[in-house]
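Subject: Structure handover

Hello,

Here is the structure for your files, with the sequence. My notes on it follow below.

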Amino acid sequence: MNRSSSPVTALSLLTAAASVASLSAHPAAFHATGDSAAVSAGFLHPLTGLDHLVVMVAVGLWAVQIGGRALWALPCAFVGSMMIGGVTGLATGIAAPVAEHGIVASLFLLGAALGMAWRPGLFPAIVMTSLAGICHGYAHGSEMPSGLLPLLYLAGMVAATAILHAAGVGFGSLAHRAKVPLLLRASGVAVLVFAVYDIFYPAA
């Protein structure tokens, strides 16, 4: 190897190593830049953060536990407020500690609500769910990779969130029809345990 080529070779190796390190920090789909990549990145984001996933399923479970109009009102409130939080996060592009604290708080509140079979009025339940949605949406939006179309990224987020809510409603409905309400309360305990774990070992 020529001495003159050594610096170039070393620089190339350092560049390649830095690229591999940066790619390993996030799922590969987060780094593509096409239209489909924007949708898939937004879709995958709620699924790759276990704390996000747990809260969204818990919202569906709590909606079943409350019953009535809450079955559709709580998921809609979460999705709507999540979009507001997402747009805010996209606009700032800055991770806010208060949003992360809000995510952890939503785990504790939803877990406690499920565990105690708390059935408040529809308005308090919507307010609580909406606050959780804003925090989660802000976290999603502020973490959007550069080069993606925001609207498509948000569309992916909404699709994944709706599916997770539907999964919670579906499981909760099965438990209700099977007349095993303790399953919902046990789910709340599981959410609380995960919330404690998430404090010491953040999942997001």
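Start with W62. Leaving out residues up to four places away in sequence, W62 touches L74, L110, A113, L114, W118, P120, A125, M128 and T129, where contact means heavy atoms within 4.5 Å.

Some conventions before the rest. This is a predicted model, in which local features need pLDDT of at least 70 and side-chain atom pairs count only at pLDDT 80 or more, while totals for chains, interfaces and linings use all residues. Residues are numbered from 1 along each chain as its sequence is written, and side-chain values use heavy atoms, with hydrogens and water left out.

Overall content

The protein has eight helices and zero strands; helices (H or I, at least four residues) and strands (E, at least two) are DSSP runs, numbered from the N terminus. Of its 204 residues, 40% count as buried, meaning under 20% relative accessible area, with exposed being over 50% and partly exposed in between (1.4 Å probe, protein chains only). Among contacts with a separation of 6 or more, 81% are between residues 24 or more positions apart.

The core

W62 also belongs to the largest nonpolar core, which has 33 residues. Such a core is a set of buried Ala, Val, Leu, Ile, Met, Phe, Trp, Tyr and Cys residues joined through side-chain atoms within 4.5 Å. The members that touch the most others are W62, L74, F78, L107 and L110. At least two core residues come from each of α2 (35-48), α3 (50-66), α4 (70-92), α5 (97-115), α6 (122-142), α7 (150-177) and α8 (182-200). The largest share, 10 residues, is from α3.

Helix packing

Axes here are lines fitted to C-alpha atoms, for helices over the stretch in contact, and angles run from 0 to 180 degrees between N-to-C directions. Angles under 35 degrees count as roughly parallel, over 145 as roughly antiparallel, 65 to 115 as roughly perpendicular and the rest as oblique.

- α2 and α3: the axes come within 5 Å and cross at roughly 85°, which means that α2 is roughly perpendicular to α3. P46, L47 and T48 of α2 meet L50, H52, L53 and M56 of α3. This contact has five nonpolar, two polar and no charged residues. (Ala, Val, Leu, Ile, Met, Phe, Trp, Tyr, Cys and Pro count as nonpolar, Asp, Glu, Lys and Arg as charged, and the others, Gly among them, as polar.)
- α3 and α4: the axes are 7 Å apart at an angle of about 150°, so the two helices are roughly antiparallel. From α3, the residues in contact include W62, and from α4 they include L74 and F78. The contact holds 13 nonpolar, no polar and no charged residues.
- α4 and α7: the angle is about 155° and the axes are 10 Å apart, so α4 is roughly antiparallel to α7. F78 takes part on the α4 side, along with L71, P75, V79, M82, M83, G86, V87 and L90; α7 contributes P150, L154, M157, V158, T161, H165 and V169. By class there are 13 nonpolar, three polar and no charged residues.

D35 is in helix α2. D35 and L149 are 114 residues apart in sequence, but their C-alpha atoms are 7.0 Å apart in space. Setting aside neighbours within four places in sequence, D35 is in contact with L149 and L152.

Regards
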